[in-house]
Number of protein chains: 2
Amino acid sequence: MSGDGMLHWKTFAIGCSLALTLFLFAQHRPVMPEPNEFRAVIDLTHNLNDRSPNWEGTEESPYQAKELGNLERDGYYSRVFRTQEHYGTHLDAPAHFAAGAWTVDQIPAEHLVRPLVVVDVHKQAKNNPDYEITVEDIAAWEDAHGMIPSGAVVMAYTGWDERWNSQKEFRNEQADRLTHYPGFSLETARFLVKTRGVVGLGIDTMSVDIGATTTYPVHVFTSKENIYHLENVANLALVPAAGATVVVAPIKLEKGSGGPARVLALVR
Amino acid sequence: MSGDGMLHWKTFAIGCSLALTLFLFAQHRPVMPEPNEFRAVIDLTHNLNDRSPNWEGTEESPYQAKELGNLERDGYYSRVFRTQEHYGTHLDAPAHFAAGAWTVDQIPAEHLVRPLVVVDVHKQAKNNPDYEITVEDIAAWEDAHGMIPSGAVVMAYTGWDERWNSQKEFRNEQADRLTHYPGFSLETARFLVKTRGVVGLGIDTMSVDIGATTTYPVHVFTSKENIYHLENVANLALVPAAGATVVVAPIKLEKGSGGPARVLALVR
């Protein structure tokens with residue numbers, strides 16, 4: 001090989017070394033996650049207290065807390081509390097509506113950390129409290145953000161959480177003695193489960209079914225499929241429609257039909 | 001420039017293009033997190049039931065659950081439950097021991113998703129139930145894994161969760177009428193908070209203080225610093241000592257002194 005040829009090879013080798021160095025540099029990710037790995041942690045959970053809307057619309061709250069230890073008297077502060085499983089921001093386990101389906105403690109941990117999809121229907125719901133989220137609403141989301149990733153949690157932002165401080169407005173019971181608030185249609189739930197493989201549905205109202213139902217078709221269908229629900233979710237207006245990760249963290253009640261859940265959105 | 005020189009420059013340019021291509025390829029990260037973004041989600045939470053060890057060691061459990069709705073009778077299954085805030089896998093809010101410090105609902109969401117550091121002292125604790133985790137134990141962790149990242153949650157794996165199914169063994173009360181199990185020393189807690197900026201401490205025993213204390217120095221010191229504790233943590237043997245992210249998800253009790261928490265480790 002001529003000297004010139006050698007020189008070409010040397011130059012090429014320098015280029016390759018540079019390539020390798022840059023490649024390795026770009027591949028390098030710190031082993032230890034940094035505290036600021038997520039740009040923000042958004043809390044999608046309402047405070048648990050005795051002033052929140054309850055399912056039956058009773059004056060008396062299904063939640064009470066009582067002081068046990070008093071800091072001045074006992075040197076520590078502690079309480080005991082009592083609540084229904086389906087109060088406040090909570091999770092419905094599939095066993096809530098389907099025999100033999102998962103109780104809250106049986107939901108696999110892998111189902112609790114998932115891509116979060118937020119479908120914004122607050123405009124549609126504004127003038128129609130019986131609004132049912134349609135497959136077209138899902139299609140509009142996919143037009144804007146691409147196909148819903150497999151295994152996601154899909155939450156509907158209906159704007160209903162603005163009513164949270166008034167049980168009357170939140171339940172919106174009318175002369176027909178039915179409550180009226182938006183929810184998922186059965187067709188939409190079926191589409192999300194069967195063609196998009198979602199593991200959970202969430203909403204900022206009291207139920208993934210519309211308020212005015214008496215047959216709860218979404219509950220019945222999804223529970224048999226071991227899909228969980230999150231109800232009374234807070235702050236959905238603050239999360240991006242796509243790209244966040246949701247952590248769904250229900251209290252781990254043995255054999256629970258559901259329970260209060262902490263719901264956090266991790267935003268990069 | 002000579003023809004040969006041009007050739008060198010062309011070869012160099014090819015190398016650079018290769019470098020750039022590989023660099024851009026390696027930099028590419030999908031916008032939408034995939035369900036398998038985390039290799040595993042490890043649940044560090046014990047089931048909440050009426051058979052778990054309780055602080056006072058009473059026969060009667062501070063936790064009860066009662067069925068309200070029955071699937072066959074009512075078409076849905078639901079329950080009401082009652083528990084002390086400091087039972088099962090739970091979080092101590094700083095307000096548990098310090099006036100004016102954060103109640104459980106006041107802990108910033110950003111403090112709940114953090115790098116997880118697991119310090120393994122189960123060998124030290126095996127023959128000494130009064131073992132206090134030392135600054136040397138922390139130094140040994142740092143020798144192996146590098147400096148604890150700022151803002152981490154540090155958990156001690158003492159092996160105590162093997163005793164979870166026996167209140168007698170878990171509390172380990174002795175003839176001196178004190179309980180005996182390992183915990184953090186005050187010096188270690190102070191080191192972690194003051195020099196490593198940890199936001200929380202965790203342990204698989206009933207308390208971040210050793211069982212045999214009567215003054216709870218770690219509780220007193222950390223609570224004033226708005227540092228939370230996780231107690232009765234499960235499955236710490238299953239998590240890597242370094243590199244995981246912990247999600248600390250306490251039930252969001254308004255003005256709570258603490259409460260049952262779901263604790264999940266996200267492993268890449």
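The model is predicted, and local features need a pLDDT of at least 70, side-chain atom pairs count only at pLDDT 80 or more, and totals for chains, interfaces and linings use all residues. Residues are numbered from 1 along each chain as its sequence is written, while chains are lettered from A and ligands numbered from 1 in the order in which they are written.

The predictor assigns the complex an ipTM of 0.87 and a pTM of 0.87. Where pLDDT is low, the predicted coordinates should not be read in detail.

Chain A contains seven helices and twelve strands; helices (H or I, at least four residues) and strands (E, at least two) are DSSP runs, numbered from the N terminus. Of the 268 residues in chain A, 47% are buried. A residue is termed buried if 20 or more other C-beta atoms lie within 10 Å of its own, exposed if 12 or fewer, and partly exposed in between, with C-beta atoms placed from the backbone. Among contacts in chain A between residues at least 6 apart in sequence, 74% join residues at least 24 apart.

Strands of both chains contribute to an open sheet of four strands, in the order β2(A)-β3(A)-β3(B)-β2(B), with antiparallel pairing. Its edges are formed by β2 (64–69) of chain A and β2 (64–69) of chain B, each of which pairs on one side only. From one strand to the next, the twist averages 15°, with axes taken as lines fitted to C-alpha atoms, for helices over the stretch in contact, and angles running from 0 to 180 degrees between N-to-C directions. Two strands are said to pair if DSSP finds at least two bridges between them. Between the chains, β3 (residues 78–84) of chain A and β3 (residues 78–84) of chain B pair in the antiparallel sense over five bridges; Val80(A) has Gln84(B) as its bridge partner in β3(B).

Within chain B, strand β5 (residues 113–120) is mostly covered, seven of its eight residues being buried. β5(B) is joined by four bridges to strand β11 (residues 244–250) of chain B, in an antiparallel arrangement, and by five bridges to strand β7 (residues 153–157) of chain B, in a parallel one. Leu116(B) takes part in both pairings: its bridge partner is Ala244(B) in β11(B) and Val153(B) in β7(B).

The largest nonpolar core has 130 residues, of which Met155(A), Val247(A), Met155(B) and Val247(B) touch the most other members. Such a core is a set of buried Ala, Val, Leu, Ile, Met, Phe, Trp, Tyr and Cys residues joined through C-beta atoms within 7 Å. Leaving aside neighbours within four places in sequence, Val247(B) is in contact with Val247(A), Ala249(A) and Leu264(A) of chain A, and with Leu112(B), Val113(B), Leu264(B) and Leu266(B) of chain B.

In helix α7 (residues 217–224) of chain A, the buried residues are Val218(A), His219(A), Thr222(A) and Ser223(A). Seen down the axis of α7(A), these fall within an arc of 115°, so they line one face of the helix; the arc is that of the directions from the helix axis to the C-beta atoms. The elements covering them include β8, α6 (186–196), β9 (200–203) and β10 (228–231) of chain A. Asn226(A), which follows α7(A), has a positive phi, near 60°.

Further positive phi values occur in loops. Arg177(A), with phi near 65°, lies between α5 (167–171) and β8 (183–184) of chain A and counts as exposed because it has 6 C-beta neighbours inside 10 Å. Tyr216(B), with phi near 50°, lies in the loop between β9 (200–203) and α7 (217–224) of chain B and is partly exposed, with 19 other C-beta atoms within 10 Å.

Conventions:
Contact = placed C-beta atoms within 7 Å.
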